[in-house]
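Please look over the chain below before reading on. The paragraphs that follow go through it one part at a time.

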Amino acid sequence: MNERLVEFLFRSEVAKLPDHKREFYRFIVNTEDSLAEKAENVDEFCQLLLKHSPFDLAVSRFNLPYDNVVRWMEEIEAELHEKIEVRCQKVEWIDYTNHFPQVEGKRVFLFKN
């Protein structure tokens, strides 16, 4: 499946999470992304993750034990993965090229999900 489509479906499912789950999930992911942007290479990224662990930061921010933070993140990721798998199986592309004759040399598709 198209990588951009999967990314779209993923963002869509994250947006549908209940507020508390979405805030928690985005906090960890955004923290990881921020560290990745700062890193010059993979080794530096790993060092930053160890030094500024998103999970440790989530412990403080959400006032949860470390084990609960890890477990909850795993549960949210599993939930998202499951929902995306279901949506990917339902995805349908409908060829609408004949409905747009003004678009020459290109094909037009409707994405139905």
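Leu-35 touches Phe-45, Leu-48, Leu-49, His-52 and Pro-54, with residues up to four places away in sequence not counted; contact here means heavy atoms within 4.5 Å. Leu-35 is part of helix α2. Its relative accessibility is 5%, so Leu-35 counts as buried. Buried stands for a relative accessible area under 20%, exposed for over 50%, and partly exposed for values in between, with a 1.4 Å probe and protein chains only. Between the C-alpha atoms of Leu-35 and Phe-100 there are 45 Å, and the two residues are 65 apart along the chain.

The model is predicted: local features need pLDDT of at least 70, side-chain atom pairs count only at pLDDT 80 or more, and totals for chains, interfaces and linings use all residues. Residues are numbered from 1 along each chain as its sequence is written, and side-chain values use heavy atoms, with hydrogens and water left out.

The chain contains five helices and two strands, and from the N terminus on their order is α-α-α-α-α-β-β. Helices (H or I, at least four residues) and strands (E, at least two) are DSSP runs, numbered from the N terminus. Along the principal axes, the C-alpha trace spans about 60 × 35 × 20 Å. The radius of gyration of the chain is 19 Å, whereas a compact globule of 113 residues would have one near 13 Å. This radius is taken over C-alpha atoms, and the globule rule is 2.2 Å times the number of residues to the power 0.38. Of the 113 residues, 30% count as buried. Among contacts with a separation of 6 or more, 50% are between residues 24 or more positions apart.

Next come the aromatic residues. Five aromatic pairs are found in a search of the whole structure. Phe-24 and Phe-62 form one that is edge-to-face, with 5.2 Å centre to centre and 65° between the planes. This pair links distant parts of the chain, since Phe-24 is in helix α2 (residues 19–38) and Phe-62 in helix α4 (residues 54–62), 38 residues apart. Rings of Phe, Tyr and Trp (its six-membered ring) pair if their centres lie within 6.5 Å; planes under 30 degrees apart count as stacked, over 60 as edge-to-face and the rest as tilted. Phe-24 and Phe-62 are both buried. Together with Phe-27 and Trp-72, Phe-24 and Phe-62 form one aromatic cluster.

Asn-63 lies in the loop between α4 and α5 (66–90). Phi of Asn-63 is near 55°, a positive value in a residue other than glycine. Is Asn-63 buried or exposed? Its relative accessibility is 71%, so Asn-63 counts as exposed.

Glu-92 is found in strand β1 (residues 92–95). With a relative accessible area of 37%, Glu-92 is partly exposed. Which residues is Glu-92 in contact with, leaving aside neighbours within four places in sequence? They are Leu-110, Phe-111 and Lys-112. Lys-21 is 71 residues from Glu-92 along the chain, and their C-alpha atoms are separated by 29 Å.

Thr-97 lies in the loop between β1 and β2 (109–112). Thr-97 has a relative accessible area of 19% and is therefore buried. Apart from neighbours within four places in sequence, Thr-97 is in contact with Lys-106, Arg-107 and Val-108. From Thr-97 to Leu-110 there are 13 residues in sequence and 9.4 Å in space, C-alpha to C-alpha.

Finally, charge. The chain has 16 positive and 22 negative charges, and the mean positions of the two sets are 7 Å apart. Lys and Arg count as positive and Asp and Glu as negative, while His and the chain ends are not counted. The place of a charge is taken as NZ of Lys, CZ of Arg, CG of Asp or CD of Glu.
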